[in-house]
Amino acid sequence: GGVLVRFERAFAQFAETGHAVAFNSGTSALYAAIRALGLRPGDEVMLPDYGFHGMAAAVLATGAKVAVCDVEPAGLTMSPAALAEAITPRTKAVLVHHPWGVPADLAALRAVTDLPIVSDASHAHGALCRDRPLAAGADITCYSLGMGKLISGGELGCAVTDRNDLRDAMVIEGHVNRVPHDLLASPWTGNAVGLKLRPHAAALTLASGQLRRFDEKAARIAETAREIETAAVEAGFTVQSPPCPAERAYWQIHLRCPTPEARDGVVSALREAGMPARADEYRPSLQHQPLFSWPAHIGRLVPRACPTAAQAAATGLLITAPAGLDRASRDGLAAAFAT
(Lines give C-alpha, C1' and ligand atoms only; values in the text may rest on other atoms or scores of the structure.)
Protein backbone atom coordinates (compact mmCIF):
# COMPACT_ATOMS: atom_id res chain seq x y z
CA GLY A 1 0.00 0.00 0.00
CA GLY A 2 3.02 2.33 -0.06
CA VAL A 3 4.12 4.73 -2.79
CA LEU A 4 5.70 1.91 -4.83
CA VAL A 5 2.53 -0.20 -4.90
CA ARG A 6 0.35 2.83 -5.64
CA PHE A 7 2.57 3.90 -8.51
CA GLU A 8 2.71 0.42 -10.03
CA ARG A 9 -1.05 0.07 -9.93
CA ALA A 10 -1.52 3.51 -11.52
CA PHE A 11 1.05 2.84 -14.23
CA ALA A 12 -0.44 -0.56 -15.08
CA GLN A 13 -3.77 1.19 -15.52
CA PHE A 14 -2.13 3.88 -17.67
CA ALA A 15 -0.47 1.25 -19.88
CA GLU A 16 -3.69 -0.84 -19.96
CA THR A 17 -1.94 -3.95 -18.77
CA GLY A 18 -2.16 -6.34 -15.85
CA HIS A 19 1.08 -5.65 -14.01
CA ALA A 20 3.75 -2.96 -13.66
CA VAL A 21 7.16 -3.28 -11.99
CA ALA A 22 9.03 -0.06 -11.26
CA PHE A 23 12.83 0.24 -11.55
CA ASN A 24 15.45 2.91 -10.97
CA SER A 25 15.81 3.61 -14.70
CA GLY A 26 14.43 2.62 -18.08
CA THR A 27 17.65 0.76 -18.84
CA SER A 28 17.26 -1.25 -15.63
CA ALA A 29 13.73 -2.12 -16.74
CA LEU A 30 15.07 -3.39 -20.08
CA TYR A 31 17.77 -5.41 -18.33
CA ALA A 32 15.27 -7.02 -15.96
CA ALA A 33 12.90 -7.75 -18.84
CA ILE A 34 15.59 -9.52 -20.86
CA ARG A 35 16.69 -11.49 -17.79
CA ALA A 36 13.06 -12.47 -17.15
CA LEU A 37 12.93 -14.15 -20.56
CA GLY A 38 15.65 -16.57 -19.44
CA LEU A 39 18.28 -15.64 -22.02
CA ARG A 40 21.72 -17.13 -21.54
CA PRO A 41 25.22 -15.99 -22.51
CA GLY A 42 25.67 -16.47 -26.24
CA ASP A 43 21.98 -16.11 -27.08
CA GLU A 44 21.22 -13.36 -29.60
CA VAL A 45 18.68 -10.56 -29.24
CA MET A 46 17.55 -8.74 -32.39
CA LEU A 47 17.56 -4.92 -32.18
CA PRO A 48 16.84 -2.20 -34.74
CA ASP A 49 20.03 -0.53 -35.95
CA TYR A 50 18.42 2.87 -35.39
CA GLY A 51 18.10 3.15 -31.61
CA PHE A 52 19.49 4.08 -28.21
CA HIS A 53 22.79 2.46 -27.21
CA GLY A 54 21.29 1.70 -23.77
CA MET A 55 19.13 -0.98 -25.37
CA ALA A 56 22.27 -2.77 -26.48
CA ALA A 57 23.94 -2.16 -23.10
CA ALA A 58 21.02 -3.87 -21.34
CA VAL A 59 21.35 -6.91 -23.61
CA LEU A 60 25.12 -7.10 -23.20
CA ALA A 61 24.81 -6.91 -19.40
CA THR A 62 22.88 -10.19 -19.44
CA GLY A 63 25.67 -11.94 -21.34
CA ALA A 64 23.68 -12.15 -24.58
CA LYS A 65 24.78 -10.90 -27.99
CA VAL A 66 23.31 -8.02 -29.97
CA ALA A 67 22.17 -8.68 -33.55
CA VAL A 68 20.84 -5.81 -35.65
CA CYS A 69 18.40 -5.42 -38.52
CA ASP A 70 17.31 -2.44 -40.60
CA VAL A 71 14.35 -0.13 -40.07
CA GLU A 72 11.52 0.92 -42.35
CA PRO A 73 11.90 4.39 -43.91
CA ALA A 74 8.69 6.11 -42.79
CA GLY A 75 8.81 5.72 -39.03
CA LEU A 76 12.40 4.47 -38.56
CA THR A 77 10.96 1.54 -36.61
CA MET A 78 12.06 -2.10 -36.95
CA SER A 79 11.28 -3.42 -40.41
CA PRO A 80 9.28 -6.68 -40.38
CA ALA A 81 10.88 -7.70 -43.68
CA ALA A 82 14.37 -7.00 -42.36
CA LEU A 83 13.60 -8.91 -39.16
CA ALA A 84 12.40 -11.93 -41.14
CA GLU A 85 15.63 -11.93 -43.15
CA ALA A 86 17.91 -11.48 -40.13
CA ILE A 87 16.49 -14.07 -37.71
CA THR A 88 18.57 -17.22 -37.22
CA PRO A 89 18.26 -20.24 -34.88
CA ARG A 90 20.49 -18.32 -32.46
CA THR A 91 17.96 -15.47 -32.14
CA LYS A 92 16.08 -15.92 -28.87
CA ALA A 93 14.22 -12.59 -28.46
CA VAL A 94 13.41 -9.32 -30.23
CA LEU A 95 13.85 -5.87 -28.66
CA VAL A 96 11.69 -3.30 -30.47
CA HIS A 97 12.03 0.48 -30.28
CA HIS A 98 9.45 3.25 -30.88
CA PRO A 99 11.78 6.13 -31.80
CA TRP A 100 10.75 9.65 -30.83
CA GLY A 101 7.19 8.46 -30.14
CA VAL A 102 6.34 6.66 -33.42
CA PRO A 103 5.00 3.14 -32.74
CA ALA A 104 6.51 0.15 -34.51
CA ASP A 105 4.05 -2.17 -36.23
CA LEU A 106 4.00 -4.77 -33.48
CA ALA A 107 1.32 -6.86 -35.19
CA ALA A 108 3.44 -7.14 -38.35
CA LEU A 109 6.49 -8.10 -36.28
CA ARG A 110 4.43 -10.73 -34.45
CA ALA A 111 3.40 -12.15 -37.82
CA VAL A 112 7.08 -12.66 -38.66
CA THR A 113 8.14 -14.51 -35.50
CA ASP A 114 6.81 -16.16 -32.35
CA LEU A 115 9.95 -15.18 -30.41
CA PRO A 116 9.42 -13.16 -27.21
CA ILE A 117 9.17 -9.42 -27.88
CA VAL A 118 10.36 -6.74 -25.47
CA SER A 119 9.14 -3.28 -26.42
CA ASP A 120 11.10 -0.13 -25.49
CA ALA A 121 8.40 2.53 -25.21
CA SER A 122 10.62 5.12 -23.53
CA HIS A 123 9.67 7.72 -26.17
CA ALA A 124 6.08 6.63 -26.67
CA HIS A 125 4.13 7.23 -23.47
CA GLY A 126 0.45 6.92 -24.29
CA ALA A 127 0.92 5.90 -27.94
CA LEU A 128 -1.47 3.46 -29.65
CA CYS A 129 -0.79 0.94 -32.42
CA ARG A 130 -3.77 -0.21 -34.47
CA ASP A 131 -6.04 1.29 -31.77
CA ARG A 132 -4.41 -0.84 -29.09
CA PRO A 133 -1.99 0.20 -26.32
CA LEU A 134 1.64 -0.65 -27.05
CA ALA A 135 1.73 -3.14 -24.18
CA ALA A 136 -0.83 -5.30 -25.99
CA GLY A 137 1.69 -6.11 -28.71
CA ALA A 138 4.67 -7.30 -26.66
CA ASP A 139 5.48 -9.76 -23.89
CA ILE A 140 7.04 -6.97 -21.81
CA THR A 141 6.94 -3.23 -22.49
CA CYS A 142 9.51 -0.97 -20.83
CA TYR A 143 9.31 2.76 -20.19
CA SER A 144 11.95 5.28 -19.24
CA LEU A 145 10.63 7.96 -16.92
CA GLY A 146 13.94 9.76 -16.71
CA MET A 147 14.91 13.39 -17.06
CA GLY A 148 12.95 15.17 -19.79
CA LYS A 149 10.66 12.26 -20.68
CA LEU A 150 6.93 12.87 -21.20
CA ILE A 151 6.36 11.40 -17.73
CA SER A 152 9.40 11.87 -15.51
CA GLY A 153 10.50 11.00 -12.01
CA GLY A 154 13.94 12.51 -12.59
CA GLU A 155 15.37 8.98 -12.86
CA LEU A 156 12.89 6.12 -13.04
CA GLY A 157 11.75 3.21 -15.20
CA CYS A 158 8.82 0.83 -15.38
CA ALA A 159 8.10 -2.49 -17.13
CA VAL A 160 4.56 -3.73 -17.78
CA THR A 161 3.21 -7.14 -18.74
CA ASP A 162 0.04 -9.22 -18.60
CA ARG A 163 1.91 -12.37 -17.62
CA ASN A 164 2.22 -13.33 -13.94
CA ASP A 165 5.39 -15.35 -14.56
CA LEU A 166 7.22 -12.49 -16.27
CA ARG A 167 6.10 -10.01 -13.62
CA ASP A 168 7.41 -12.30 -10.88
CA ALA A 169 10.69 -12.91 -12.72
CA MET A 170 11.34 -9.16 -12.94
CA VAL A 171 10.56 -8.66 -9.25
CA ILE A 172 12.95 -11.49 -8.36
CA GLU A 173 15.65 -9.88 -10.52
CA GLY A 174 15.72 -6.47 -8.84
CA HIS A 175 13.45 -5.97 -5.84
CA VAL A 176 15.40 -7.02 -2.75
CA ASN A 177 13.20 -7.65 0.34
CA ARG A 178 10.07 -7.73 -1.78
CA VAL A 179 10.60 -11.42 -2.48
CA PRO A 180 9.12 -13.97 -1.88
CA HIS A 181 6.07 -12.49 -0.13
CA ASP A 182 5.05 -10.31 -3.10
CA LEU A 183 5.17 -13.02 -5.77
CA LEU A 184 1.97 -13.97 -7.59
CA ALA A 185 2.74 -17.35 -9.13
CA SER A 186 6.42 -18.22 -8.72
CA PRO A 187 7.36 -21.02 -6.30
CA TRP A 188 10.62 -19.22 -5.41
CA THR A 189 11.08 -18.97 -1.61
CA GLY A 190 14.30 -16.99 -1.37
CA ASN A 191 15.05 -13.28 -1.59
CA ALA A 192 15.75 -11.46 -4.85
CA VAL A 193 18.64 -12.94 -6.82
CA GLY A 194 19.79 -9.91 -8.84
CA LEU A 195 21.10 -6.44 -8.17
CA LYS A 196 18.92 -3.96 -6.32
CA LEU A 197 17.12 -2.09 -9.11
CA ARG A 198 14.29 -0.57 -7.09
CA PRO A 199 13.38 3.11 -7.59
CA HIS A 200 13.57 5.87 -5.01
CA ALA A 201 10.34 6.97 -3.33
CA ALA A 202 10.93 10.57 -4.41
CA ALA A 203 11.08 9.55 -8.08
CA LEU A 204 7.86 7.57 -7.72
CA THR A 205 6.14 10.56 -6.11
CA LEU A 206 7.25 12.96 -8.86
CA ALA A 207 6.17 10.61 -11.64
CA SER A 208 2.82 9.93 -9.97
CA GLY A 209 1.98 13.62 -10.12
CA GLN A 210 2.92 13.83 -13.80
CA LEU A 211 0.96 10.68 -14.55
CA ARG A 212 -2.21 12.33 -13.29
CA ARG A 213 -1.87 15.31 -15.65
CA PHE A 214 -0.44 13.41 -18.62
CA ASP A 215 -3.45 13.61 -20.95
CA GLU A 216 -3.58 17.41 -20.78
CA LYS A 217 0.17 17.73 -21.28
CA ALA A 218 0.26 15.27 -24.19
CA ALA A 219 -2.58 17.07 -25.99
CA ARG A 220 -0.81 20.43 -25.74
CA ILE A 221 2.47 18.98 -26.97
CA ALA A 222 0.80 17.17 -29.89
CA GLU A 223 -0.95 20.35 -31.05
CA THR A 224 2.31 22.31 -31.12
CA ALA A 225 4.31 19.45 -32.65
CA ARG A 226 1.85 19.09 -35.53
CA GLU A 227 2.18 22.80 -36.23
CA ILE A 228 5.96 22.44 -36.44
CA GLU A 229 5.66 19.37 -38.67
CA THR A 230 3.26 21.19 -41.01
CA ALA A 231 5.74 24.04 -41.44
CA ALA A 232 8.54 21.53 -42.07
CA VAL A 233 6.58 19.59 -44.70
CA GLU A 234 5.62 22.80 -46.49
CA ALA A 235 9.31 23.65 -46.70
CA GLY A 236 10.11 20.23 -48.22
CA PHE A 237 11.35 18.27 -45.23
CA THR A 238 10.49 14.64 -44.49
CA VAL A 239 8.87 13.90 -41.13
CA GLN A 240 8.32 10.58 -39.41
CA SER A 241 5.06 8.77 -40.00
CA PRO A 242 3.88 5.51 -38.38
CA PRO A 243 4.21 2.39 -40.55
CA CYS A 244 0.69 1.31 -39.58
CA PRO A 245 -2.51 2.93 -38.29
CA ALA A 246 -1.33 4.45 -35.03
CA GLU A 247 -1.62 7.36 -32.65
CA ARG A 248 1.93 8.49 -32.00
CA ALA A 249 3.27 10.27 -28.95
CA TYR A 250 5.27 13.46 -29.45
CA TRP A 251 8.46 13.52 -27.43
CA GLN A 252 10.82 14.64 -30.22
CA ILE A 253 10.14 15.77 -33.78
CA HIS A 254 12.46 14.05 -36.27
CA LEU A 255 13.21 15.63 -39.65
CA ARG A 256 15.43 14.32 -42.43
CA CYS A 257 17.66 16.42 -44.66
CA PRO A 258 19.38 15.50 -47.96
CA THR A 259 22.91 15.56 -46.50
CA PRO A 260 24.65 15.94 -43.12
CA GLU A 261 25.88 19.37 -44.26
CA ALA A 262 22.33 20.51 -45.03
CA ARG A 263 21.24 19.18 -41.65
CA ASP A 264 23.82 21.29 -39.84
CA GLY A 265 22.63 24.43 -41.63
CA VAL A 266 19.01 23.73 -40.74
CA VAL A 267 19.90 23.16 -37.08
CA SER A 268 21.64 26.56 -36.95
CA ALA A 269 18.70 28.35 -38.60
CA LEU A 270 16.17 26.72 -36.28
CA ARG A 271 18.17 27.60 -33.19
CA GLU A 272 18.29 31.23 -34.29
CA ALA A 273 14.49 31.10 -34.58
CA GLY A 274 14.20 29.83 -31.01
CA MET A 275 13.60 26.14 -31.82
CA PRO A 276 15.54 23.64 -29.63
CA ALA A 277 16.99 21.76 -32.62
CA ARG A 278 20.02 19.46 -32.68
CA ALA A 279 21.60 16.77 -34.84
CA ASP A 280 20.20 13.24 -34.57
CA GLU A 281 21.33 11.65 -31.30
CA TYR A 282 21.55 8.18 -32.88
CA ARG A 283 24.49 8.98 -35.11
CA PRO A 284 26.23 6.79 -36.07
CA SER A 285 23.73 3.95 -36.14
CA LEU A 286 23.72 1.46 -33.26
CA GLN A 287 26.13 -1.15 -34.62
CA HIS A 288 28.79 1.55 -35.16
CA GLN A 289 28.62 2.90 -31.60
CA PRO A 290 31.80 2.78 -29.45
CA LEU A 291 29.96 0.47 -27.03
CA PHE A 292 31.01 -2.55 -29.07
CA SER A 293 34.70 -1.66 -28.93
CA TRP A 294 34.72 -1.97 -25.14
CA PRO A 295 37.02 -4.95 -24.35
CA ALA A 296 34.32 -7.02 -22.65
CA HIS A 297 31.93 -6.45 -25.58
CA ILE A 298 34.20 -7.32 -28.47
CA GLY A 299 32.79 -10.20 -30.50
CA ARG A 300 29.28 -9.80 -29.09
CA LEU A 301 27.81 -7.86 -32.02
CA VAL A 302 26.24 -9.60 -35.00
CA PRO A 303 26.47 -6.88 -37.66
CA ARG A 304 24.34 -6.48 -40.75
CA ALA A 305 24.11 -3.90 -43.52
CA CYS A 306 21.33 -1.47 -42.50
CA PRO A 307 21.32 1.36 -45.08
CA THR A 308 18.05 2.98 -44.00
CA ALA A 309 19.18 3.25 -40.38
CA ALA A 310 22.59 4.57 -41.41
CA GLN A 311 21.09 7.24 -43.67
CA ALA A 312 18.56 8.39 -41.07
CA ALA A 313 21.21 8.69 -38.37
CA ALA A 314 23.52 10.67 -40.66
CA THR A 315 20.99 13.19 -41.96
CA GLY A 316 18.33 13.48 -39.25
CA LEU A 317 17.71 16.31 -36.83
CA LEU A 318 15.60 16.55 -33.71
CA ILE A 319 13.42 19.24 -32.19
CA THR A 320 12.18 18.76 -28.64
CA ALA A 321 8.40 18.93 -28.91
CA PRO A 322 7.29 21.93 -26.82
CA ALA A 323 3.98 22.35 -25.02
CA GLY A 324 3.45 25.72 -26.72
CA LEU A 325 5.00 28.35 -29.01
CA ASP A 326 5.16 32.07 -28.35
CA ARG A 327 4.18 34.47 -31.13
CA ALA A 328 7.78 35.25 -32.13
CA SER A 329 8.57 31.54 -32.54
CA ARG A 330 5.42 30.96 -34.59
CA ASP A 331 6.21 33.87 -36.91
CA GLY A 332 9.81 32.79 -37.39
CA LEU A 333 9.12 29.10 -37.89
CA ALA A 334 8.28 29.09 -41.61
CA ALA A 335 11.12 31.50 -42.39
CA ALA A 336 13.62 29.35 -40.51
CA PHE A 337 12.63 26.20 -42.41
CA ALA A 338 12.68 28.06 -45.72
CA THR A 339 16.15 29.38 -44.98
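Is W251 buried or exposed? W251 is buried, with a relative accessible area of 12%; buried stands for under 20% relative accessible area, exposed for over 50%, and partly exposed for values in between (1.4 Å probe, protein chains only). The structure is a predicted model, in which local features need pLDDT of at least 70 and side-chain atom pairs count only at pLDDT 80 or more, while totals for chains, interfaces and linings use all residues. Residues are numbered from 1 along each chain as its sequence is written, and side-chain values use heavy atoms, with hydrogens and water left out.

A pair of aromatic rings is described by the distance of the centres and the angle of the planes. Rings of Phe, Tyr and Trp (its six-membered ring) pair if their centres lie within 6.5 Å; planes under 30 degrees apart count as stacked, over 60 as edge-to-face and the rest as tilted. Seven aromatic pairs were found in a search of the whole structure. In one of them, F11 and F14 are tilted, with 5.3 Å centre to centre and 55° between the planes. Both residues belong to helix α1 (residues 3–15), three residues apart, about one turn of the helix. Helices (H or I, at least four residues) and strands (E, at least two) are DSSP runs, numbered from the N terminus. F11 is buried, at 0% relative accessibility. The rings of W100 and W251 are stacked, because their centres are 6.0 Å apart and their planes are at 25°. W100 lies in the loop between β4 (91–97) and α5 (106–112), and W251 in the loop between β11 (246–247) and β12 (252–256), so the pair ties together parts that are 151 residues apart in sequence. W100 is also buried, with a relative accessible area of 1%.

Helix α6 (residues 164–174) is mostly covered, with eight of its 11 residues buried. Among these buried residues are L166, M170, V171 and I172, as well as R167, D168 and E173. The elements that cover the buried residues of α6 include β1 (19–23), α2 (26–36), β8 (140–144) and β9 (157–161).

L197 is located in the loop between α6 and α7 (201–212). This residue is buried, with a relative accessible area of 8%. Apart from neighbours within four places in sequence, L197 is in contact (heavy atoms within 4.5 Å) with F23, N24, S28, Y31, A32 and G174. L197 and P245 are 48 residues apart in sequence and 36 Å apart in space, C-alpha to C-alpha.
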